[in-house]
Amino acid sequence: MLYFDHSATTPIHPDVLAKIQSVSQDHFGNPSSIHSSGRKSRAILESARRTIAESIHAESSEIVFTGSGTEANNAVLWSMAQREKRHVITSMVEHPAVLKVLQKLEPFGVTFTALSVDSHGLVDPKELEKAIQPDTGLISIMMVNNEVGTINPMASLVKVAQSKGIPFHSDTVQALGKTPLSAKAIHADYFSFSAHKLYGPKGVGFLFKRKGASLNPLILGGSQESNLRAGTENVPGIAGLAEAVRLATARLENRRNHLSELESIFKSEMATDNIDVVYNGHPDYRVPGVISASFQGQRSDILLAKLDRQGFAVSSGSACGSGSVEPSPVLAAMGISEAQNISTLRISFGRGNSSQEVKKLVSAISNIIHG
Amino acid sequence: MADPIIVGISGGVDSSVTALRLQQEGYDVECVFMKNWDGEDDSCTAEEDYKDALAVCDHLGLPLRSVNFAQNYWDNVFQYFIDEYATGRTPNPDVLCNREVKFKAFLDYAMELGAVKIATGHYAQIHETDGSFQLLKGLDPNKDQSYFLYLLGQDALSKSMFPIGEMEKTDVRKLAESSGLINHAKKDSTGVCFIGEQKFFKDFLKKYIPAQPGHIQTVDGAPCGEHDGLMYYTMGQRKGLGIGGGHGDKEAPWFVADKDLDNNILFVAQGHDHPALHHKYLVANQVHWIGGSPPASLDGIAAKIRYRQADQPCTITDLSSDQIHVKFEHKQFAVTPGQSIVFYAGDQCLGGAIIENRN
């Protein structure tokens, strides 16, 4: 099977796997224990925290380990139920791990405004400013969109929030490892991260919480993570996460270059094969290697099935809904017609893909479309 | 990989074994789960069924996709179902679901996905002779479902497979169990799929059709109670009439014999053998022949006027139009307008029609 769905998840990096294996084998101690076995685990945990903090230019005390990026989002959003100002501003193209959570928070007095985006998927800082209400207590806007790869103007958005004194959260799950991300450069209060999107293990993530920003624990019953996340820490997973984050930042330029190269091969091969395609997302403000491609006159569910049958893994933003495909809400929010919407595949390259593989993918797509 | 057979999988044991058998025979098999009803009622078990289908497909290593035909089902099956009930008839939505959804919308979808054929877990068989396709009864006489498939045509049959049609139900369950399918003991679905159990039927119908209570009379004209609305009753129905002792002169049960829609009267007759409950003739319309045209010979044919009924010898006395006249050798109990009459020559299902009237 040839895998082109790295925005969904990534294969584990061998160095990360080696780290998880060695920690699992050699260090089973509970980091809360005071004996030597516990101390060793705690040292691994705190070393992982330092590695991650350094990678994103943060302080160690600003890193809270969680079970996933989704959990990190939830922790920030659920805290709103206990705030005085309970209005949240978000965008229409957020992941369900933000939008669905906000919907579920309505009975707890949390209201929200979802900002529209332009045809490239960008949130306009002026629109953000206009949407601010006296009781706005949080702004949550993703950095990189998971379907089209568009990068929001984070500095400008955060500036608007800061000028009004409103805490800013960003779901940065799709950003780390694909675009520079520094807590020094972007003065947001919270960032959510996940390990498995950057060649790390599943079931582990972390929240960056700037010093002084408030957070109510989502999971209670223990003093771990400075009372912010109860439960014995997933030490091997966290060690793997730290290694994955370290590699993602240390090798960022290499990885970006590789992805850009695969992308340009993909696009030039598509053009050579005369495939009628439209690329969605911003032409410049986007991460490399995430391609949202609409195939004129095709249906994504059919394309997906046929590619799957031939051993190619890609995905689409559309889901099974009424009829055979339900249009993707993200593409719909970008003003893309329904016909184009349901003809769209997301192809996301990764570090393991080769130009040869990309050529095979294009030729498979070409065969399906041209018959 | 070769072009696949696409199995319509429901999460039940029959369609699961359908996929299993095809896989065992060496076909490339893929599965599709159809969601045909968007209700949030408790009776709708779609979510649970999907989980079962997914567990089976994961166990067998088969891809599972899901497709939603709820709008199609609503427009082409449910609307008809409601319209028929509103006129006091007793429709059979499963017959229509097969024609409109499973062997049309699903079939088309599967072909778009690149299937060579579709397969379903129906107990029926398809035989081909010289490019013409015959629908035969399922091997298991207790489970034969050809009755529900009589509206299929040559095109649908040429693209369909019923791999368990030559199996006994008990063997289907045994095979499911020995192959480790988690649903090997799952209860068969009963009743109309979107309503669930029969006991919810009245409440369900009430949501869509206003009930008009009226009088109950014996077929001789004697008043004997009130009904809740003619749509709730079907010919030959015995339970739920609310006619206690004191009516009639013997201890025999009462049955629904007829409906007078214009005057909103429900007619009942006492005793299963009452002549008002039995008819030798019926008129049916919307005739469909599986072969595409009426069979060359109608000698020795038989019919079922309800699922699982034994074949009843009959003759078609007038075949000149879309409407047919049927004469049975023996009188038939509770001939029900709206239900289907399905014709057989031995084990071959020839086609059928919708019962319009009887006498």
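The buried residues of helix α9(A) pack against α8 (235-250), β9 (277-280), β10 (290-295), β12 (344-348) and α13 (355-370) of chain A; contact here means heavy atoms within 4.5 Å, and buried means under 20% relative accessible area, exposed over 50%, partly exposed in between (1.4 Å probe, protein chains only). Helices (H or I, at least four residues) and strands (E, at least two) are DSSP runs, numbered from the N terminus.

This is a predicted model: local features need pLDDT of at least 70, side-chain atom pairs count only at pLDDT 80 or more, and totals for chains, interfaces and linings use all residues. Residues are numbered from 1 along each chain as its sequence is written, chains are lettered from A and ligands numbered from 1 in the order written, and side-chain values use heavy atoms, leaving out hydrogens and water.

Among the buried residues of α9(A) are Leu252(A), Arg255(A), Glu263(A) and Met270(A). They cover an arc of only 165° around the axis (taken from the directions from the helix axis to the C-beta atoms), which puts them on the same side of α9(A). The face turned away from that buried side carries the exposed Asn254(A), Ala271(A) and Thr272(A). Just after the helix, Asn274(A) takes a positive phi of about 60°.

| Strands | Sense | Bridges |
|---|---|---|
| β8(B) (214-218) and β9(B) (223-227) | antiparallel | three bridges |
| β8(B) and β11(B) (265-270) | parallel | four bridges |

Gln217(B) has Pro223(B) as its bridge partner in β9(B), while Ile216(B) stands opposite Leu266(B) in β11(B).

Terms used
Two strands pair if DSSP finds at least two bridges between them.
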